Amino acid sequence: MHLRAIISTLALVCACESHSIRSPDEGFLQRPRYLNYDEVTNLFKQLETEHPQLAKLRSVGRSVRNRELWALEIHKNAGNRTLLTPMFKYVANMHGDESVGRQLMIYLAQYLIRNYGEDDRVTRLVDSTDIYLMPSMNPDGFENSQEGLCESKPQYVGRQNENSVDLNRDFPDQFDALRTGTMLSGRQPETVALMTWIISRPFVLSGNLHGGAVVASYPFDDSNSKRAYGKESKSPDDALFKQLALTYAQPHPLMRGGKACKADSFDQGITNGAYWYEVRGGMQDFNYVHSNCFEVTLELSCCKFPTADTLPQEWHNNKESLLRFMEAAQWGVKGVVVDKNNEAVLDADVVVVGINHNITTSNRGEFWRLLLPGEYEMFAAAYGYQPSNLVKVVVEKGRTAVQNFTLHRSPPETDASKTVLNRTEPLFDRFGFMTNDSRLFRHHHYEDMVQFMVDFNTTYPNITHLHSIGTSVRGRELYVMVIGAAPHKHVPGTPEFKYVANMHGNEVVGRELLLYLIKYLCERYDSDNRVTKLLRTTRVHLMPSMNPDGYELAHEGDGDGAVGRDNAHDVDLNRNFPDQYVTNELNSRIEPETRAVMDWILSEPFVLSANLHNGALVANYPYDDTPPGHHNQENPSPDDAIFKYLAHTYSNAHRSMHQGLACPLFPDERFKGGITNGAKWYQVTGGMQDWNYLVGGCMELTLEIGCYKYPYGRDLPKYWMDNREALLTYMEQVHRGVHGFVTSTIGRPINDAKIAVEGIGHFVKSHKDGDYYRILLPGKYNLTVEASGYESYTREITVPEDGVLELNVSLMKDDPLHWASAYDFGIGENQYRPKYHTNQELYSLMAQLENQYPSVAGFQSGDDYVSMTLRWLKITDQVSYSYIL
C-alpha cells in the first residue's frame, strides 16, 4: 500500500507538471483563409492598438494602385530600438500570386505577439531582435490573383505588379551596365520603396518569401557568364550563405529532402541562385551588394496559390524554420566604432581579412557582421581616420562576439579609405545625399523643377505632399512640397515651417537649395536622428519658386542684373504685399503670385519662415520700411531681440555669412555679424517678411544667401555646403519658446485666442484646433491669453535655457453661470433673478441659513432688547457661545 501511494503521488505530480507547460497560442489557424489588403490593414492596426509597446505599423511606400506597403515592427520596445539590437526583416508576396509566404507573415505576427511573455523562446527573440514583417510587397498583384491556381495566369497577371513588371527583376543589378539618372530612376514604385527602405536602415538579415518550389536559394542570383543556369555565382560570403540557407531548410520536413516538387532536386534543400537559374535585377543580391543586409530567397510551396485549407500545414512546416532563421541575426560579431571623444563614426568600414565584403556602421556607429564560428582578423577604417589596429576575434557557436573599435583622425594627406578593398558605398556622400546624381548640381528650369519634385513625392509618398497653391501670370503652377511624418494636413501641436525662394526670378540659388533640401530630408528620414526628429515634430513647407515666369527670362551668369527679377506683369513681388505704412503704385494691385502666397500663409498656422534671395550675404530682419518721413534709419519690431537671435542663428551656422565680409560687387557694404535690420539697410515697402509678421502671425527673415544672383551651375555645390547647416539649424528654431493648447474649461479648442507677452507689443493667435506657438528667448515673462467671450488668463512663465516650454491654458466662459461656478461656489441664485429683498425676506433667509447650517450660523432675532430692534446673522465656529455686546 505504501509503495502504491508513492507511485500514485508521483503520477499526480507528473500530470500536474505536464499541464503547467503552456502550449503556444496558435488560435489564428482556426478557419484558415487568405486575408485581402483591407483585412491585413485592419488586423495589423488592431495589433498595434492592442500591443503598442510590442508592435508598430510602418508604411514603407505605396504600390501603383496606391496601396500601402505595410511592415509590422515587432520588438519589446517597438519604435525605440536600443543600441546594437539587430534589425531583421521578412518580405513576402513580391510576386502577387505566390501567396503562402504572405499568409505566413500574418500568422507569424500573431504568433510572436500572442506568445510574448508566455513562451521563453518567443520572448527572447522579440527582446533581442527588431523584427519587421512585410506580408505583401505586391498587394496589387495579390488582388489580381486567384486562389487555387498553382501557376500564374496568362501574361503573368498577378505575378507582376499593376504595370506588368516583375518586381524581382526590377532592382539594380551588379552585372548590368550603369543606367542614366539615379539608381532609383525608372523603377517601379514598389521597387523604389524597398530600395530606399533597405539602404536607409541597418538591416542585418532578411528572408524573401516566394512560391513555386521548395528550396532556400542564396546569392548570387546571376553572373557575368550570361548562362541561363548550371554554374554557381559565389558571393564572398558563400559559406555563410550556405549555412543560412541550411538553417531554414533543415527544420523544414519537405525542403530538407530537396525533392518536394516534381522534377526538383536540390542537395539538402538549398541552392545557389545562379546555379538554379539566373535572375537579373533580383532583390536578394541588391540587399547584399548595396547594404549591410544578408538576404536568402525562400521558396515555400510547389503550388503558388494553394487553397486556404492547406495553410495550417504550411504553418507547421515552416514555423521552426522561420524562428531559427530570425535567430541567426545574432550570429557573428557586433560593436560600435567611435572616435577618441567617444562620438560615433558613421559609415566606417568593418573589414574581415580574407572576406572581400565589408559592412558599414549605422548612423549611431554600430555594426553587425554575420560570421560562422571561427577565428577572424578584423579592423575598422573610415575616410579621414587612421585604420584601427588589427584584432583577432573568436566567434563561438550560439554566442555573439562583441568587438568595439576606436579611430583617430588622419593627417590631411592620408586617405585611410585606400586600405579598404571593394569598399561598400557609404550611406551618404560628402554632400549628405544617399543617392548620387551627377546631374543634381545644375539649374532646374520649370519642367525640370516640377519633375524633380514629382519624383521625390512618388518615391517618398508617406512623408511628402506635393500641391500647388495657385498659378503665376503665365499659368505656371506655384508648387509647394510639404515634408513631415504627417504631410497632408496640420497636426494639432505640430508647428508649421516654410521656406520660400526665387521670389525675384533672377535670384536662383535659393530655388536650387530647396530642391537639394527636399532630397536631403527625404533620403535621411529614419536614417539620420536629427532629420528624423525634425520631420516627426515639424511640418516643413518648401516653395522653390514663387516667380517661375521671371526665372524663365533670367540667364545664367547674371551677377547683379534685373532681367527676370519681376513677374510677367513687370511687378516686383517683394514690393507687392499690403504695407503697414503706405499703399503705392507697387502694391495697389495684388498680383496672382502674391495673392496665392497670402492665401496660403493664412491657411496654415505658420510659426517661422524665411524668404531666400541673392545679391548679398546677410540675414535681414523686420521691419523693412519706416513711417513716412523717417528714412535711412533702423525700425525695430516689437520682437527685435528675437529677430536678431534668429538672424544670428542662420548667419552663425553659415560657413561665411557671420564674418560680415563685403561682396565683390558691393565692396563698401558690410554687415556686422552678418545680420541687418531691413529698414536700416534700405527701404522696402510692401515686403513679404513684414506682412508675414504683422498679418500672418509668422516670424520671417529675408536671407540673402549669395553675392551673385544667377551664378554658374558649377558653383552650386559650394552654395549648398555653405548653407546646408544653416538651413537645418534655422528650421529647428520653430520649436523655441512657449507652445500649447487653449481650450475652454470643458475642453473645447478655442480659435483666435490672443497670446500676448507683457512688454512685447505683438501677439500671436491660436489655431482652429486651439494650438498656439510663441517664439521667445529663454527668460521670465508675464503671458496673457484672452479670447472673446472668455475671461482672460495671466501667469508668469519661465522659458528654460533649452528654449522649449509647454503651457496649456483653459479659459472660463465670461458669463454668470461660469462665474458662479468658479467664484461663488456654484450658487446660481446669486447670479440669476436678482432683486432687492424686503426686511421680512432678509429675516426669512437668515433663519433658513441658521436651520441649514446650525453649527456655524446663528440668527439673532428677539432674544433680547437689541435683537428685537436690530436682527443679524452670526457666522462663527463658536456659534453656541453667548454673544456679549
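Tyr623 sits in the loop that runs between strand 23 (616–621) and helix 16 (640–653). Helices (H or I, at least four residues) and strands (E, at least two) are DSSP runs numbered from the N terminus. A cis peptide bond joins Pro622 and Tyr623, with omega at about 0 degrees. Another cis peptide bond links Pro219 and Phe220, where omega is about -5 degrees. Phe220 belongs to the loop between strand 6 (213–218) and helix 7 (238–249).

The model is predicted: local features need pLDDT of at least 70, side-chain atom pairs count only at pLDDT 80 or more, and totals for chains, interfaces and linings use all residues. Residues are numbered from 1 along each chain as its sequence is written, and side-chain values use heavy atoms, with hydrogens and water left out.

## The chain as a whole

The chain contains 22 helices and 35 strands. Its C-alpha trace spans about 115 × 105 × 60 Å along the principal axes. Of the 885 residues, 55% are buried (under 20% relative accessible area; exposed is over 50%, partly exposed in between, with a 1.4 Å probe and protein chains only). Among contacts (heavy atoms within 4.5 Å) with a separation of 6 or more, 73% are between residues 24 or more positions apart.

The domain assignment, automatic or from a database, gives domain 1 (27–330), domain 2 (333–409), domain 3 (474–733), domain 4 (737–816) and domain 5 (837–875). Between the C-alpha centres of domain 3 and domain 5 there are 75 Å.

## The nonpolar cores

A nonpolar core is a set of buried Ala, Val, Leu, Ile, Met, Phe, Trp, Tyr and Cys residues joined through side-chain atoms within 4.5 Å. The largest one in the chain holds 113 residues, and Leu194, Tyr499, Leu521 and Trp720 have the most contacts inside it. Helix 12 (residues 509–524) supplies the largest share of this core, 10 residues. Another core, of 88 residues, lies apart from it and includes Val40, Ala92, Leu133 and Met326.

With neighbours within four places in sequence set aside, Leu194 touches Val60, Leu69, Val91, Met134, Met137, Phe171 and Met283.

## Single residues

Gln284 is part of helix 9 (residues 283–290). Its relative accessibility is 1%, so Gln284 counts as buried. Beyond its neighbours within four places in sequence, the contacts of Gln284 are Ser217, Tyr218, Pro219, Asp221, Glu295, Val296 and Thr297. Pro219 is also one partner in the cis peptide bond to Phe220.

| Residue | Loop between | Relative accessibility |
|---|---|---|
| Leu84 | strand 2 (68–74) and strand 3 (87–92) | Leu84: 15%, buried |
| Asn341 | strand 9 (333–339) and strand 10 (349–352) | Asn341: 55%, exposed |
| Asn342 | strand 9 and strand 10 | Asn342: 60%, exposed |
| Ser788 | strand 30 (779–786) and strand 31 (793–799) | Ser788: 76%, exposed |

Leu84 is not a glycine, yet its phi is positive, at about 75 degrees. Asn342 is not a glycine either, and its phi is positive at about 65 degrees.

Asn341 and Gly158 are 183 residues apart along the chain, and their C-alpha atoms are separated by 54 Å. Ser788 and Ile750 are 38 residues apart in sequence, with 9.6 Å between their C-alpha atoms.
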